[in-house]
Amino acid sequence: MSKYKMISQPVPNVPWQERPENLTGAPVWRYNENPIIGRNPVKGVARIFNSAVMPYEDGFIGVFRGEQTNGIPYIYLGRSKDAIHWNFDENKINFVDEEGKPFMPRYAYDPRLVKVEDTYYIIWCQDFYGAAIGMAKTTDFKTFTRIENPFLPFNRNAVLFPRKINGNFMLLSRPSDSGHTPFGDIFVSESPDLTYWGKHRHVMGKGSEWWESLKIGGGAAPIETSEGWLLFYHGVSGTCNGYVYSIGGAILDIDNPSIVKYRCETFLLTPEEWYEERGFVPNVCFPCATIHDSESGKIAIYYGAADSYVGLAFTELDDIIDYIKENSVVTPEDTEIGRR
Ligand code: BMA
């Protein structure tokens, strides 16, 4: 009998590998055939990383950050039967505006993919007179219609909640600057219609722990559980030799996610393997999605590794919630509703 409940669809074909016996830290372990996406995966694309996937029809679908050979990132669509081996479209996703006319961003990176009711939303970072959030919707993965950019520049790392809360769409984001942002907290904003955003609240700040002491940013779409919204996010440490990106975990209040109920003081995954430590940008584990099965409690975490590869890691609902609770340290800034 599981202790906690995941409130989402069963996904019996969630990719999975059993937990190894020798784990010494958090109950999160890597797929032993990582990375699942290597270099030069599609014609004209040098690297795929920081990408989001989800179940679709009898398999899986995903939106992938493809770093083209001219250095400009765009979003590519991929499909898979097992969520491990992926086939990518050779052409980047062509976005249109509400009238159906071509409407491409100048670049697009770090996409998240979230289904709310009957529509799939892609949320990414793009140029809107500086780094800002872009958004599009699709119902068939053939037509991708851009909707209004939710926020003014500068902002990154936006991800929708998979359902409305108190009648409104909810969006996590991380206000930033237009460069390599040496600061950053996670905020949540609400919208009745995905056009007008407001009721902005502070969710959590950069941590007091060293691994997340420079900045943090939302990662995978929060998972609804009986304990609250389970959030995998990234935390950054600014070392004398550059930024180090690790994966952290927190649980947010189910009705008011600006309140952090538990926040794990240790990282859940930090760069240790060659594909995380070595690449275009070394020492990066950057989570953008999970595939999770409400029946078994299995969770597969997809993360970008060293801005070069996609890695896959696993955890289980009961164990990860217990671990986050047992190692939780929350500050008054975390637990307040974040309105000043
Ligand atoms: C962040 C984002 C991510 C990237 C990370 C490490 O600012 O741009 O796309 O993975 O830096 O380079």
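Four strands form an open sheet in the order 2-3-4-5, and their pairing is antiparallel. Strands here are DSSP runs of E with at least two residues, numbered from the N terminus, and two of them pair if DSSP finds at least two bridges between them. The edges of this sheet are strand 2 (45–56) and strand 5 (87–88), each of which pairs on one side only. This is a predicted model, in which local features need pLDDT of at least 70 and side-chain atom pairs count only at pLDDT 80 or more, while totals for chains, interfaces and linings use all residues. Residues are numbered from 1 along each chain as its sequence is written, and side-chain values use heavy atoms, with hydrogens and water left out.

Arg79 has Asn87 in strand 5 as its bridge partner. Strands of a sheet pair through backbone hydrogen bonds, in either the parallel or the antiparallel sense.

Strand 15 (residues 215–218) runs antiparallel to strand 17 and is joined to it by four bridges; Ile216 is the bridge partner of Gly235 in strand 17. Strand 16 (residues 223–225) is also antiparallel to strand 17, with three bridges, and Ile223 stands opposite Leu230. A hairpin of two residues connects strand 16 to strand 17. On to strand 18 (residues 242–252), strand 17 pairs in the antiparallel sense over 11 bridges. In that pairing Phe232 stands opposite Gly249 of strand 18, and the hairpin between these two strands again runs through two residues.

The ligand is the next stop. The residues around it, taken as those with a heavy atom within 4 Å, are Asn50, Arg65, Tyr109, Asp110, Tyr245, Val281, Val284, Phe286 and Asp307. This shell divides into five nonpolar, one polar and three charged residues; Ala, Val, Leu, Ile, Met, Phe, Trp, Tyr, Cys and Pro count as nonpolar, Asp, Glu, Lys and Arg as charged, and the others, Gly among them, as polar.

An N or O atom in the side chain of Asn50 is 2.9 Å from a ligand oxygen atom. For the side chain of Arg65, the corresponding distance to a ligand oxygen atom is 2.7 Å. A polar side-chain atom of Asp307 lies 2.6 Å from an oxygen atom of the ligand. On its own the ligand has 310 Å² of accessible area, and the protein covers 86% of it, by the Shrake-Rupley method with a 1.4 Å probe.

Aromatic rings come last. Rings of Phe, Tyr and Trp (its six-membered ring) pair if their centres lie within 6.5 Å, with planes under 30 degrees apart counted as stacked, over 60 as edge-to-face and the rest as tilted. The count comes to 21 aromatic pairs. The pair of Trp16 and Trp29 is edge-to-face, because the ring centres are 5.5 Å apart and the planes stand at 75°. Trp16 lies in the segment before strand 1 (29–30) and Trp29 in strand 1, so the pair ties together parts that are 13 residues apart in sequence. Both Trp16 and Trp29 are buried. Elsewhere, ring pairs link Tyr56, Phe95, Tyr120, Trp124, Phe141 and Phe144 into a cluster.

Key
Polar contact = N/O pair within 3.5 Å; in protein donor to acceptor, adjacent residues only side chain to side chain. Buried < 20%, exposed > 50% of the residue type's maximum accessible area, 1.4 Å probe, protein only.
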